Amino acid sequence: MKISMMKTLCSLAALALCWSSPRTSLAQQPAPQAGARLWTIKSVGTETATPDVYYLLMKMEYQSGLAAEATTQGEKRLSDFLAAVDALKIPNFSYRICNNLITPASDQQVTGMVYTRNVVFKLMSSQAGQPLPGRDAIIAKLEDLGARYNSHCVTCIGSG
Amino acid sequence: MVFSVREADELYRRALDKAWAAIDARLQELTASTPGKKPKLLEVSYDPLPGESTIEELPDVPKSSRPQAVEVSVRVIATYTLQ
């Protein structure tokens, strides 16, 4: 009997704690008053600007029967390509070479390896916030040069 | 997406102003329907990284090499209580 009463008292105490805890935590926050309502308003603001910096990704591939040859020839072609790019003397222009991948050729009729490197070009306008003058002509020259050196897939990977 | 810091801040600030203007307009609509009550700002949350974007996956279709515009978006969530 006593044990049963103790259990009941413990249950009541636990219930009282459950009731008091939310009140305590609410008091520490801006507590809504009686009849108060909560409004949650979501909004997305968007702003656009004309880009003055462009990052272009160009993929260069060389395929050969042997991985070593694909690598050597691929590097030579890349070097020739970059020399031709330098000869264009594009103002406010830079590039960096990243990644080198060797993968099996996916072409069903040709067996061998493909050596791939990525080149990232950076084109900048001379004046911040102003569009790059002659942008389309410059990019067309790069694409044309890339096509001659078996490079393709010119993609803008970032601008600002 | 790469910006100069000053340019990114300015674009972000303008996007933020637009977001708040939309929230204020909506708040006015709501308060008009509850005369005598005054809204109090309880909580605000923004995008965690202003002026930066995350590339979640590479696009299936290559993007244009000649983009016409860059875009900055900011999401604002404001919670009000009515007193």
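This is a predicted model: local features need pLDDT of at least 70, side-chain atom pairs count only at pLDDT 80 or more; totals for chains, interfaces and linings use all residues.
## Overall make-up

Let's start with the two chains. Chain A holds 3 helices and 5 strands, arranged from the N terminus as α-β-β-α-β-β-α-β. Chain B has 1 helix and 2 strands, and its elements run α-β-β from the N terminus.

Of the 160 residues in chain A, 18% are buried; for chain B, with 83 residues, the share is 16%. Taking contacts in chain A between residues at least 6 apart, 73% link residues at least 24 apart. In chain B, 91% of the contacts with a separation of 6 or more come from residues 24 or more positions apart.

In soluble globular proteins, nonpolar side chains tend to be buried together. Here, the largest nonpolar core is made of 13 residues, and those with the most contacts inside it are Leu56(A), Met58(A), Phe121(A), Leu123(A) and Leu142(A). At least two residues of this core come from each of four elements of chain A: strand 2 (53-64), helix 2 (67-87), strand 4 (113-124) and helix 3 (135-148). Strand 2 of chain A contributes the most, with 4 residues.

## Helix 3 of chain A

With 14 residues, the helix spans 20 Å from its first C-alpha to its last, close to the 20 Å expected at 1.5 Å a residue. Its buried residues are Ile138(A), Ile139(A), Leu142(A) and Gly146(A). Viewed along the axis, the buried residues of helix 3 of chain A fall within an arc of 95 degrees, so they line one face of the helix.

On the other side of helix 3 of chain A, the exposed residues are Asp136(A), Ala137(A), Asp144(A), Ala147(A) and Arg148(A). After this helix comes Asn150(A), which has a positive phi near 60 degrees.

Strands of a sheet pair through backbone hydrogen bonds, either parallel or antiparallel. In this model, strands from both chains form an open sheet of 3 strands in the order 1(A)-2(B)-1(B), and the pairing is antiparallel. Its edges are strand 1 (38-49) of chain A and strand 1 (39-45) of chain B, each pairing on one side only. On average, neighbouring strands of this sheet are turned by 30 degrees against each other, direction ignored.

Within chain B, strands 1 and 2 run antiparallel and are joined by 6 bridges. One residue pair to pick out is Ser45(B), whose bridge partner in strand 2 of chain B is Ile77(B).

## Tyr80(B)

Tyr80(B) sits in strand 2 (residues 70-82) of chain B. Is Tyr80(B) buried or exposed? Tyr80(B) is buried, because 22 other C-beta atoms lie within 10 Å and 20 or more is the cut-off for a buried residue.

Neighbours within four places in sequence aside, Tyr80(B) is in contact with Trp39(A) from chain A, and with Leu27(B), Pro39(B), Lys40(B), Leu41(B) and Leu42(B) from chain B. Lys38(B) is 42 residues away from Tyr80(B) along the chain, and their C-alpha atoms are 9.6 Å apart.

## Asparagines with positive phi

Asn92(A) is not a glycine, and its phi is positive, near 50 degrees. Where is Asn92(A) in chain A? Asn92(A) belongs to the loop between helix 2 and strand 3 (93-104) of chain A. With 14 other C-beta atoms within 10 Å, Asn92(A) is partly exposed.

Asn99(A), also a residue other than glycine, has a positive phi of about 60 degrees. Asn99(A) is placed in strand 3 of chain A. Asn99(A) counts as exposed because it has 11 C-beta neighbours inside 10 Å, and residues with 12 or fewer are classed as exposed.

Terms used
Residues are numbered from 1 along each chain as its sequence is written. Chains are lettered from A and ligands numbered from 1 in the order in which they are written. Two residues are in contact if their C-beta atoms, placed from the backbone, lie within 7 Å. A nonpolar core is a set of buried Ala, Val, Leu, Ile, Met, Phe, Trp, Tyr and Cys residues joined through C-beta atoms within 7 Å. The expected span of a helix is 1.5 Å times one less than its number of residues. The arc is that of the directions from the helix axis to the C-beta atoms. Two strands pair if DSSP finds at least two bridges between them. Axes are lines fitted to C-alpha atoms, for helices over the stretch in contact, and angles run from 0 to 180 degrees between N-to-C directions.
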